[in-house]
Each structure stands twice: as structure tokens, then as C-alpha cells.
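Open the model in your viewer and keep the sequence beside it. This tour tells you what to select at each stop, and what you will find there.

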Amino acid sequence: QTISIAKAGITTVLNSRTSVLAAANPPSGRYDDLKTAQDNIDLQTTILSRFDLIFIVKDIRMYSQDKIIANHIIKVHASADATLGDSTTSKEENWLKRYIQYCRTECHPRLSDSASTLLQNNYVKIRQDMRRQANETGEAAAIPITVRQLEAIVRLSEALAKMKLSHVATEVNVQEALRLFTVSTMDAARSGINQQVNLTPEMAQAETQIKRRIGIGN
């Protein structure tokens, strides 16, 4: 299998073992909390289901957070020359690279029986919750929960075990993988307004006029 990528005039084909980190903007250029997750993401479910984790990143105007980000960006540019001079480390001194290489070659963890049972029960519960949400709102979830998501949680659990140089993925690894999946993909699927309100023609016209006059997020 291969992955075809076309961006900025560059077209290439990558093997399916390549890890893909993708970012995209909402259709309106900014995430609109008054719209459903389906309207904000606006991507085919066949594409979304192929990603292990999906995060919604919002640019929230907050003084303390903006100050931290600004200080970080300034420090990165101020220390650019020093970082460039220190980047000539030898292969023996690059412990992180050697550690990652060792994990990839020596550790091939698999789920334990108890971890497999825990993962199976949680996957069934997640599917039931999403089905109930779809019945209540009358709309399918923006991000479908399928067997691909189950395989994604398995990969995350095994990766967490591999980081600890363990040959067995335990219940602790599965619980952490489920936590990551919940705060990313599940939150993205539930974001936005899911309950549809029956608007009269007058209410719909008023809503349209208000949206024309008020910016997104106000």
C-alpha cells in the first residue's frame, strides 16, 4: 500500500509504513463553536478513520497563554545560533537516537490477556455510546468509531510498552492509550453543537443576520 501526497506543487508517493502528521484549517478559517463537528472538520469519514489520533487545536485568546507562547518563540529565535553550533554531536553522544533505535529493533510487545479483555470491553462501550449519541441527535458522528480505531488503540498500547522496553503491553498501557484516544479523537467527535434546534423561518432569518454582523467566536 502507498500514500499519495500533493502539496504546493510537490507530488510524491510514500510507503504505507510512513507516519503521517497532518494539519488542516476549518472551512471558515477558524473553528466555529456554533457548528457541529461535522461542519467544522468537513473531511470525508474515510480519511478521518485512517488517523490514530485526531486533535482539535483552538487559538484561544488568553493573556497568560499568549505571553508564554510569545516568550517561547522569542527564545527560539534568540538561541538559534547557539543551537546550531551545538548540533554537531557525535553518534555516541546521541542517546535519544540510540534509545529509539534499540526500542524499534529489540522490543516487540503484544497485549496480555487481561489487557486484551479490558480493551475489548472499552471498545464495545465506546461504540454503544456513539450509537446512542447518533440516535439522540439524528446525525452520524463526524469521526466514525470502527475497527480501525480499535487497531489504533492497540498500536498506542504497544508503543507505550515499547517506550518502557517491555515485551508485554499491560492494562496500564491500555488505560493510557484509551485516555489519549478519549482526549483526542473522542473529544473531537463530540465537539460543537450536536443538538439540532427546530428553527422557524423568522428565527432562521434572524440567525443569518446575526452571523453576518458578529465574528466567529464572539
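The stops below go from the whole chain to its core, then to one helix, the salt bridges and a surface patch.

**Stop 1: the whole protein**

Start with everything shown as a cartoon. Keep in mind that this is a predicted model. Count the elements: there are nine helices and four strands. The order is β-β-α-α-α-α-α-β-α-α-β-α-α.

Of the 218 residues, 21% are buried. Next, think about contacts between residues at least 6 apart in sequence. Among these, 70% join residues at least 24 apart.

**Stop 2: the largest nonpolar core**

Hide the surface. Select I126, I143 and I145. Within the largest nonpolar core, which has 20 residues, these three touch the most other members. Now colour three helices: α6 (113-137), α7 (147-163) and α8 (171-190). Each of them supplies at least two residues of this core. Which helix gives the most? It is α8, with seven residues.

In soluble globular proteins, nonpolar side chains tend to be buried together.

Zoom in on I126. Set aside its neighbours within four places in sequence. I126 is then in contact with I145, L178, F181 and M186.

**Stop 3: helix α7**

Select residues 147-163, the run of α7. This helix has 17 residues. From first C-alpha to last, α7 reaches 24 Å, close to the 24 Å expected at 1.5 Å a residue.

Which residues of α7 are buried? Show these side chains: Q149, A152, I153, L156, S157, E158, L160 and A161.

Step past the end of the helix to L165, which lies in the loop between α7 and β4 (168-169). Check its backbone angles. The phi of L165 is positive, about 60°, although L165 is not a glycine. Its relative accessible area is 39%, so L165 counts as partly exposed. Remember this residue, for the last stop returns to it.

**Stop 4: a salt bridge across the sequence**

Side chains of opposite charge can pair when their charged atoms come close. A search of the whole structure finds five salt bridges.

Select R155 and D52. They form a salt bridge, with the closest N and O atoms 2.6 Å apart. Where do the two partners sit? R155 lies in helix α7, and D52 lies in the loop between α2 (45-48) and α3 (63-78). The pair therefore ties together parts that are 103 residues apart in sequence. Both ends are partly exposed: R155 has a relative accessible area of 40%, and D52 has 26%.

**Stop 5: salt bridges within a helix**

An α-helix has 3.6 residues a turn, so residues three or four places apart point the same way. The next two pairs lie within helices.

Select K125 and D129. Their side chains meet in a salt bridge, 3.2 Å from N to O. Both residues lie in helix α6, four residues apart, about one turn of the helix. K125 is partly exposed, at 48% relative accessibility.

Move to E176 and R179. Their side chains also meet in a salt bridge, here 2.8 Å from N to O. These residues are three apart in helix α8, so about one helical turn separates E176 from R179. Is E176 buried, or partly exposed? At 28% relative accessibility, E176 counts as partly exposed. R179 is partly exposed as well, with a relative accessible area of 42%.

Salt bridges that share partners join K125, D129 and R132 into one network.

**Stop 6: the nonpolar surface patch**

Bring the surface back. Select L96, Y99, I100, Y102, M163 and L165. Together they make a nonpolar surface patch of about 600 Å². Here is L165 again, one of the patch members.

Which helix brings the largest share of the patch? Helix α5 (residues 95-106) does, with four residues. End the tour on I100, which lies in helix α5. At 43% relative accessibility, I100 counts as partly exposed.

Note on methods: Residues are numbered from 1 along each chain as its sequence is written. This is a predicted model: local features need pLDDT of at least 70, side-chain atom pairs count only at pLDDT 80 or more; totals for chains, interfaces and linings use all residues. Side-chain values use heavy atoms; hydrogens and water are left out. Patches are made of residues with over 30% relative accessible area and no salt bridge: like charges are joined within 9 Å, nonpolar side chains (Val, Leu, Ile, Met, Phe, Trp, Tyr) within 5 Å. Accessible areas come from the Shrake-Rupley method with a 1.4 Å probe; for residues, only the protein chains shown count as cover. A salt bridge is a side-chain nitrogen of Lys or Arg within 4 Å of a carboxyl oxygen of Asp or Glu. Buried means under 20% relative accessible area, exposed over 50%, partly exposed in between (1.4 Å probe, protein chains only). A nonpolar core is a set of buried Ala, Val, Leu, Ile, Met, Phe, Trp, Tyr and Cys residues joined through side-chain atoms within 4.5 Å. Contact means heavy atoms within 4.5 Å. The expected span of a helix is 1.5 Å times one less than its number of residues.
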